[in-house]
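Here are a few notes to read alongside the model. Keep the 3D view open and click on each residue as you get to it.

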Amino acid sequence: MKNMATAMRNFLRYLVAQGRCRPGLEDAVPTIAMWRLAVLPRYLPADDVNRIIAACDRDTPVGMRDHAILLLLARLGLRSGDVSALAASDIDWRQASVHVVGKSRVGTKLPLTQEVGDALMEYLKKARPPVDTDRVFVRMQAPWGPLQASGVSALVGRAILKAGVESPSYGAHVLRHSAATNMLRQGASLDQIGAVLRHKFLATTAIYAKVDMPRLRQIALPWPEVEPC
């Protein structure tokens with residue numbers, strides 16, 4: 001509704017500029033109320049995430065690449081832009097870490113787990129085309145070049161459909177939300193989750209507290225009894 005109201009308002013402004021609409025009519029479009037943290041994060045259960053990862057055909061170069069990308073998104077909570085910008089020099093094999101520079105432009109080191117490391121090594125050794133670029137992930141069809149963030153989100157959508165999973169959204173961010181939710185259910189604190197997701201403020205991470213139903217039940221106040229009149 002908010003997007004539709006914004007589009008309508010912009011369209012009316014365009015008509016005013018073209019002289020096809022009287023000035024001020026755009027003010028008649030109502031403002032849609034939005035509250036911070038009012039919605040639940042869009043996430044998938046851990047079993048569905050594993051089904052999506054397992055749906056990759058690792059006998060093909062594309063499947064090896066997609067498998068490595070899905071693990072980076074689902075296990076480390078990376079954004080699509082983080083994946084597309086990942087360079088070979090960002091991977092420290094000796095220290096088992098990945099250097100990520102997110103939206104804040106501040107570099108962070110994340111642990112490179114055995115599962116993710118094996119998938120990256122398989123892709124780099126067996127599937128990656130010999131393209132003259134430092135970017136880890138590239139397009140698998142000519143013209144070869146670095147894979148863009150939109151391409152990362154697109155392959156996630158294809159993987160979700162291939163796995164036959166019903167998802168609230170079909171982009172890369174659903175796996176990031178799923179990673180955070182899974183960490184919370186395994187006992188991680190909001191501070192720890194915020195560190196992995198590289199949130200600048202704890203309030204940004206607080207949205208994930210709303211999916212922890214067992215803990216919410218412990219602090220929920222009982223519904224007051226209503227006496228008949």
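This is a predicted model: local features need pLDDT of at least 70, side-chain atom pairs count only at pLDDT 80 or more; totals for chains, interfaces and linings use all residues.

1. Let's begin with the backbone. As a rule, most peptide bonds are trans, and most residues other than glycine have a negative phi.

2. P143 sits in the loop that runs between α5 (114–126) and α6 (149–163).

3. Next, go to A96. This residue isn't a glycine, yet its phi is positive, at about 55°. You'll find A96 in the loop between β1 (91–92) and β2 (97–101). Is A96 buried, exposed or partly exposed? Its relative accessible area is 33%, so A96 is partly exposed.

4. R198 is another non-glycine residue with a positive phi, here about 65°. Its spot is the loop between α8 (190–197) and α9 (202–205). R198 has a relative accessibility of 14%, and the cut-off for buried is under 20%, so R198 counts as buried.

5. Now for S80, which belongs to helix α4 (residues 80–85). Its relative accessibility is 17%, so S80 counts as buried too. Which residues does S80 touch, leaving aside those up to four places away in sequence? They are L73, A149, V152, S153 and A172.

6. A word on the cysteines. C21 is buried, with a relative accessible area of 16%, and C56 is buried as well, at 13% relative accessibility. How many disulfides are there? The count comes to zero, going by a rule that asks for cysteine sulfur atoms within 2.5 Å of each other.

7. Last, a helix pair. Two packed helices are described by the angle between their axes and the distance between those axes. For helix α3 (residues 61–76) and helix α7 (residues 173–185), the angle is about 45° and the axes are 6 Å apart. That angle makes α3 oblique to α7.

8. Who meets whom in that pair? On the α3 side there are L70, L73 and A74, and they meet L175, R176 and A179 of α7. By class, this contact between α3 and α7 has five nonpolar residues, one charged residue and no polar ones.

Terms used:
Residues are numbered from 1 along each chain as its sequence is written. Side-chain values use heavy atoms; hydrogens and water are left out. Helices (H or I, at least four residues) and strands (E, at least two) are DSSP runs, numbered from the N terminus. Buried means under 20% relative accessible area, exposed over 50%, partly exposed in between (1.4 Å probe, protein chains only). Contact means heavy atoms within 4.5 Å. Axes are lines fitted to C-alpha atoms, for helices over the stretch in contact, and angles run from 0 to 180 degrees between N-to-C directions. Angles under 35 degrees count as roughly parallel, over 145 as roughly antiparallel, 65 to 115 as roughly perpendicular and the rest as oblique. Ala, Val, Leu, Ile, Met, Phe, Trp, Tyr, Cys and Pro count as nonpolar, Asp, Glu, Lys and Arg as charged, and the others, Gly among them, as polar.
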